Amino acid sequence: MKKIYISADIEGIWGNANPAYTMVGSELYEEYRLNMINEVNLVIDLLFKYGAKEIIVNDGHGNMDNLLPSRIDKRVSFVSANGAYKEFGMMEGLDDSFDGVCLIGYHTRSNTPGIMAHTIWGSMIEHIEVDGKELGETGINAILAHEYGVPIVLISGDDKLHVQYEEDIGYKTNFVETKKAINSQTALCCSWDTLVSQYDKAIQKGMNQESIKKEKTSHTMRIRFHYIRNADFVSRMEEVKKVDNCTVEITKESFKELYRTMRFVIKICNAFA
């Protein structure tokens with residue numbers, strides 16, 4: 001594998017457990033941001049160690065501007081943007097030219113066990129289903145990668161995510177357990193040395209993963225909001241069908257188009273509803 005894509009979130013990062021500190025302006029946000037930067041840099045260094053020639057990094061948390069350009073490994077390219085303007089959000093910049101994807105610092109889906117569990121926008125969205133199956137951000141993003149024919153090299157997050165991802169997607173993956181979830185805001189974090197060792201082994205193994213076949217097919221997504229006003233508002237769009245008070249449905253001929261529409265629906269809903 002020569003060209004690797006990294007999508008990084010903050011909730012599943014080593015050392016992070018309190019949602020109060022994951023957003024700009026909070027008391028310990030800079031510490032949580034530093035944990036995120038350090039872990040992404042660790043992954044980058046090991047990817048290069050085991051054969052990567054080109055790496056692109058995309059920040060997937062909040063407004064998607066947590067990874068400071070001055071602190072990221074100088075060998076990588078990265079996506080820089082106001083997050084609201086990213087058509088593909090956490091997966092902006094991914095295409096079929098990549099050989100592998102790393103999902104770093106991810107978390108479990110909404111209303112399930114795990115550190116800071118939610119799906120995309122926790123205060124707005126109750127859950128999301130793809131083709132009748134409830135998925136979190138990890139599963140949704142993996143489907144997009146698979147449509148491009150790009151395998152998931154590595155996923156990292158808490159122990160609950162590991163189990164959930166394999167149940168949702170249906171196969172095993174290289175996983176780095178950054179912490180054990182005691183409850184939604186309490187974690188037992190491994191030592192930093194243990195984290196480094198885990199990443200070293202997982203990346204070495206993952207870089208030998210074979211390519212996969214592109215899978216472009218139609219998909220249907222249901223987005224269930226917490227409030228009826230959100231479903232009312234976005235169902236005004238011609239391609240969005242309201243199926244009950246709080247749920248809308250979207251069907252597209254490819255997951256790429258479905259993902260793009262999902263992003264627009266959620267962002268427009270947040271801005272005006």
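How are helix 1 and helix 4 oriented to each other: roughly parallel, roughly perpendicular or oblique? Helix 1 and helix 4 are oblique to each other.

## Basis

This is a predicted model, in which local features need pLDDT of at least 70 and side-chain atom pairs count only at pLDDT 80 or more, while totals for chains, interfaces and linings use all residues. Residues are numbered from 1 along each chain as its sequence is written, and side-chain values use heavy atoms, with hydrogens and water left out.

## Helix 1 and helix 4

Helix 1 (residues 29–49) packs on helix 4 (residues 192–206) at an angle of about 40°, and their axes are 10 Å apart. Helices are DSSP runs of H or I with at least four residues, numbered from the N terminus. Axes are lines fitted to C-alpha atoms over the stretch in contact, and angles run from 0 to 180 degrees between N-to-C directions. Angles under 35 degrees count as roughly parallel, over 145 as roughly antiparallel, 65 to 115 as roughly perpendicular and the rest as oblique.

Helix 1 brings Asn38, Glu39, Leu42, Val43, Leu46, Leu47 and Lys49 to the contact, and helix 4 brings Trp192, Leu195, Val196, Tyr199, Asp200 and Ile203 (contact means heavy atoms within 4.5 Å). Nine of the residues in this contact are nonpolar, one is polar and three are charged. In this classing, Ala, Val, Leu, Ile, Met, Phe, Trp, Tyr, Cys and Pro are nonpolar, Asp, Glu, Lys and Arg are charged, and the others, Gly among them, are polar.

## Helix 2 and its partners

Helix 2 and helix 3 pack at about 50°, with 10 Å between their axes, and are therefore oblique to each other. Their crossing is right-handed. Thr138, Gly139, Ala142 and His146 of helix 2 meet Leu161, Tyr165 and Ile169 of helix 3, giving four nonpolar, three polar and no charged residues.

With helix 6, the axis of helix 2 comes within 9 Å and crosses at roughly 145°. This crossing is left-handed. Ile140, Asn141, Ile143, Leu144 and Glu147 in helix 2 contact Phe255, Lys256, Tyr259 and Met262 in helix 6; by class, six are nonpolar, one is polar and two are charged.

## Cavity

There is one cavity of 30 Å³ or more. On a 1 Å grid over the protein atoms alone, a cavity is a set of points where a 1.4 Å probe fits but cannot get out, a pocket is an open set with protein on both sides within 12 Å along at least five of seven lines, and lining residues have an atom within 4 Å of a point. Grid points are joined across faces, edges and corners, and a volume is the space filled by probe spheres set on the points.

The largest cavity holds about 50 Å³. Among its lining residues are His107, Arg109, Glu137 and Asp168. Helix 2 and helix 3 (159–169) each give two or more residues to this lining, and helix 3 supplies the largest share, five residues. The lining has three nonpolar, six polar and three charged residues.

The volume of the largest pocket is about 540 Å³. It is lined by 27 residues, of which His61, Gly62, His118, Ile120 and Trp121 are the closest to its centre. Helix 2 (137–147) and helix 6 (255–272) are the elements that give two or more residues to this lining. Helix 6 contributes the largest share, five residues. Twelve lining residues are nonpolar, ten polar and five charged.

Technical notes:
Left-handed = near helix turned anticlockwise from the far one by under 90°.
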